[in-house]
Amino acid sequence: MQAWQVHQNGEPAEAMRLQEVDRPTPGDGQVLLTVRAANINFPDALLCRGQYQVRPPLPFTPGVEICGETEDGRRVIANPVLPYGGFAEYALADAAALLPAPDALDDAEAAALHIGYQTGWFGLHRRARLEAGETLLVHAAAGGVGSAAVQLGKAAGATVIGVLGGADKVAVARELGCDVVIDRRAEDVIGAVKEATGGRGADVIYDPVGGDAYTQSTKVVAFEGRIVVVGFASGSIPSPALNHALVKNYAILGLHWGLYNTKNPKLVQHCHEQLTELATRGAIKPLVSERVPLSGAAAAVQRVADGVTTGRIAVMPALENGAAA
């Protein structure tokens with residue numbers, strides 16, 4: 001089979017090599033899946049760089065989220081077991097963790113439903129307890145993680161403010177359902193949020209960026225507001241001033257979604273049922289901005305790493321010559 005492999009850590013475009021390798025053999029409790037679509041996540045870039053919390057032995061195949069097909073023809077969503085990741089024609093996954101792919105979504109959309117939407121659901125509902133009528137601010141609102149949070153926020157009845165970088169992403173954020181869109185490159189984020197909220201600020205802030213975005217969050221969070229720390233796509237990990245959280249009376253909530261897979265896997269299943277129901281009635285639909293053949297995976301992962309994409313990019317091994325899915 002063909003698979004992308006990383007033999008030495010580095011930037012994705014340089015570290016990933018497309019090679020002919022043997023199909024992986026399932027271990028106890030594992031299944032072999034035909035990869036129908038593999039969604040690109042920022043952790044894939046971190047894996048290539050050797051900067052992710054999990055460091056699989058070299059060589060490995062990245063790709064942490066797929067829509068695959070079982071030997072008996074079932075369409076499923078899975079997190080491949082590294083080092084046999086999803087940027088390949090076949091991948092391995094734990095049989096007990098397979099989730100049914102919603103009929104309402106195509107392969108690329110189904111592949112993009114899992115990590116970003118599970119993270120959004122747990123962050124907004126389990127951690128922040130977002131309520132209808134509240135104001136939700138989402139950083140990087142046009143990206144893969146942010147776009148999921150925007151849709152989930154709207155589905156929950158919140159007013160959503162999307163913050164993003166670049167005029168080309170403004171239209172994307174509006175199409176996703178943002179009530180207010182702020183281009184951080186052209187506007188003063190703090191002033192714009194205060195104006196949009198009548199000076200009150202945002203009740204819940206969803207931050208997958210860190211760095212300056214987190215600093216802005218602390219200045220626009222409402223009384224009894226909640227800042228959900230999801231990740232650090234900016235590459236800068238902030239050091240919260242706890243005296244500031246005390247004086248302004250807000251909460252800083254960390255979210256490591258992966259822990260639920262071991263600490264409370266039943267909640268992951270419950271979340272998937274909720275997401276499937278939302279997808280079935282059209283309340284959420286993963287934004288897949290691009291579908292690329294397997295040969296285009298390395299370049300696509302690099303674009304995600306560089307922060308120049310919107311929504312999700314799906315790698316489709318069955319595509320030939322870049323034809324549309």
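**View 1. Cys67 is a buried cysteine, with a relative accessible area of 0%.** Here, buried means under 20% relative accessible area, with exposed over 50% and partly exposed in between (1.4 Å probe, protein chains only). Keep in mind that this is a predicted model: local features need pLDDT of at least 70, side-chain atom pairs count only at pLDDT 80 or more, and totals for chains, interfaces and linings use all residues. Residues are numbered from 1 along each chain as its sequence is written, and side-chain values use heavy atoms, leaving out hydrogens and water.

**View 2. Looking for disulfides turns up zero in this structure.** A disulfide here is a pair of cysteine sulfur atoms within 2.5 Å. For Cys67, the closest cysteine sulfur sits in Cys271, 17 Å away, so that's too far for a bond. Cys178 also counts as buried, at 8% relative accessibility.

**View 3. Trp121 meets Phe122 in one of two aromatic pairs found by searching the whole structure.** Rings of Phe, Tyr and Trp (its six-membered ring) pair if their centres lie within 6.5 Å; planes under 30 degrees apart are stacked, over 60 edge-to-face, and the rest tilted. The Trp121 and Phe122 planes stand at 80 degrees with ring centres 5.2 Å apart, so this pair is edge-to-face. Both residues, Trp121 and Phe122, are buried.

**View 4. Phe122 also pairs with Tyr260, this time in a tilted arrangement.** Their centres are 4.2 Å apart, with 35 degrees between the planes. The pair links distant parts of the chain, 138 residues apart: Phe122 belongs to helix 4 (residues 115–127) and Tyr260 to helix 10 (residues 260–263). Helices (H or I, at least four residues) are DSSP runs, numbered from the N terminus. Phe122 and Tyr260 are both buried, and ring pairs join Trp121, Phe122 and Tyr260 into a cluster.

Methods:
Helix = DSSP H or I, 4+ residues; strand = E, 2+ residues; numbered from the N terminus.
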